[in-house]
Amino acid sequence: MNKTSELHAMVCVAPFTLEWQPLTLPPLGPRDVLVQIAQTGICPSDVRVYSGKSSIKLPKILGHEAVAQVVAIGSEVTSVEPGQWVVPDGIIKCGMCPACRKGRPNKCQRVRYASGAYGEATIVPETNVYPLRKTTSLRAATFTEPLACVLRGERMLHITPGETVLVVGCGPIGLLHVQVAKRFGARVLAADLKRERLDKALSLGADVALDPQQPLREAVLAETDGYGADAAVVAFGSSRLVETVATTLGYGGRLNIFAGVYPKDPLSLDPNLIHYNELVITGSADHTPIDYAEALNLIERGLIQVLPLVSDVIPLHELQRGFEMVQSQQGLKVIVEVNPALMR
Ligand SMILES: [Zn+2]
Ligand SMILES: [Zn+2]
């Protein structure tokens, strides 16, 4: 690796403005690990911050879906060594706040963020690195973070084998939901307006691709003998879509609102629909360390296919183009090669 003094990062300095700047990292603490970032997946939430649609303050180095190699370890680190490949979790939870102590560290009230993964290196605590097996694809490991979020959302649906689950929005996140719901034993109905995304969903295990020309409620009822779906995920940020999906649920149906809606747009839902049909409406955001470990395990065991979700691989200096691709929803997952020399 370059000397720490020669590191750089792509910094989001203002909305729609990225700058290649020298990277200054804090000193390595005794329980810290210095890692060199190899590849980072672009998350729609990065694009939201880049577009000025988030409350996150700029300037900031974004990027949180990384795979990295350990470069140096603090004096008290015992579980990893320099040279080892890891997935670093740059969201550092305190472990002591009420949310952490209630088992919701994903909502940590004193959270800290490591320097982002569109920089050449970062420092995270030893507890935030997840070592890879020797055979794991580096590119596949960049999906650990989004899959961890998806696992959390899917658990809230309490799926039992044989139930019918509707996944609405078959971008990279929806395609992970399709696969996780299948692993829970569901029959999966996939909905999207784009034919190529539906085809991808079918190739990854969805049982039915719903006809985008047909109204969603009718399409779901036709596939469920008129009962409705047992559970549904809305993986596209739209209040109107959430309202429609709620009407596709059968008695006792569960709905997970997985995508944030920007700009703010309140829901209009008939309480009688929820009351009489005994619906359960949930949301989920981010991930816990348990979700992280389980997601990596699913990727490493080949139980969830992630490489078919990669549509583009770009160098770090083309990050702006990558953000534009994700924003315009052309392609699927865009991976950024931060240090292309780092491969195995
Ligand atoms: Zn993400
Ligand atoms: Zn906390």
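**Legends to close-up views of the predicted model**

View 1. The buried positions comprise Pro172, Gly174, Leu175, Leu176, His177, Val178, Gln179, Val180 and Ala181. Among the elements covering the buried residues of α5 are the helices α4 (144-155) and α6 (195-203), together with the strands β10 (164-168), β11 (187-191), β13 (229-234) and β17 (333-337). The helix runs over residues 172-183, and its end C-alpha atoms are 17 Å apart, which agrees with the 16 Å that twelve residues should span at 1.5 Å a residue. Glycine 185, which follows α5, has a positive phi near 95°.

View 2. For four tetrahedral donors the ideal angle is 109.5 degrees. Cysteine 94 counts as partly exposed because its relative accessibility is 21%, and buried would require a value under 20%. Cysteine 97, at 1% relative accessibility, counts as buried.

**View 3. The site of the zinc ion (ligand 1).** The zinc ion (ligand 1) is coordinated at 2.2 to 2.6 Å by Cys43 (SG), His64 (NE2), Glu65 (OE) and Glu145 (OE). Because the four donor atoms around the zinc ion (ligand 1) subtend angles of 89 to 170°, the arrangement is irregular. In sequence, the donor residues of the zinc ion (ligand 1) are spaced C-x20-H-E-x79-E. Histidine 64 has a relative accessible area of 22% and is therefore partly exposed, whereas glutamate 65 is buried, with a relative accessible area of 2%.

**View 4. Arginine 152 and its contacts.** Arginine 152 belongs to helix α4 and counts as buried because its relative accessibility is 11%. With residues up to four places away in sequence left out, arginine 152 touches Arg104, Asn106, Ser284, Ala285, Asp286, His287, Thr288 and Asp291. Isoleucine 290 is 138 residues away from arginine 152 along the chain, yet the C-alpha atoms of the two are separated by 9.4 Å.

**View 5. The protein as the setting of the close-ups.** The secondary structure of the protein comprises eleven helices and 17 strands. The radius of gyration of the protein is 20 Å, close to the 20 Å given by the globule rule for 344 residues, so the protein is as compact as a globular protein of that length. The C-alpha trace spans about 65 × 40 × 40 Å along its principal axes. Of the 344 residues, 52% count as buried. Among contacts between residues at least 6 apart in sequence, 68% join residues at least 24 apart. The accessible surface comes to about 15,700 Å², and carbon and sulfur atoms account for 53% of this area.

Note on methods: Residues are numbered from 1 along each chain as its sequence is written. Chains are lettered from A and ligands numbered from 1 in the order in which they are written. This is a predicted model: local features need pLDDT of at least 70, side-chain atom pairs count only at pLDDT 80 or more; totals for chains, interfaces and linings use all residues. Side-chain values use heavy atoms; hydrogens and water are left out. Buried means under 20% relative accessible area, exposed over 50%, partly exposed in between (1.4 Å probe, protein chains only). Helices (H or I, at least four residues) and strands (E, at least two) are DSSP runs, numbered from the N terminus. The expected span of a helix is 1.5 Å times one less than its number of residues. Contact means heavy atoms within 4.5 Å. The radius of gyration is taken over C-alpha atoms; the globule rule is 2.2 Å times the number of residues to the power 0.38. Accessible areas come from the Shrake-Rupley method with a 1.4 Å probe; for residues, only the protein chains shown count as cover. Donors are N, O and S atoms within 2.8 Å of the metal (3.2 Å for Na, K and Ca); water is not among the atoms, so sites may look incomplete. Four donors count as tetrahedral if all angles lie between 85 and 135 degrees; four count as square planar and six as octahedral if opposite donors are over 155 degrees apart and all others between 65 and 115; anything else is irregular.
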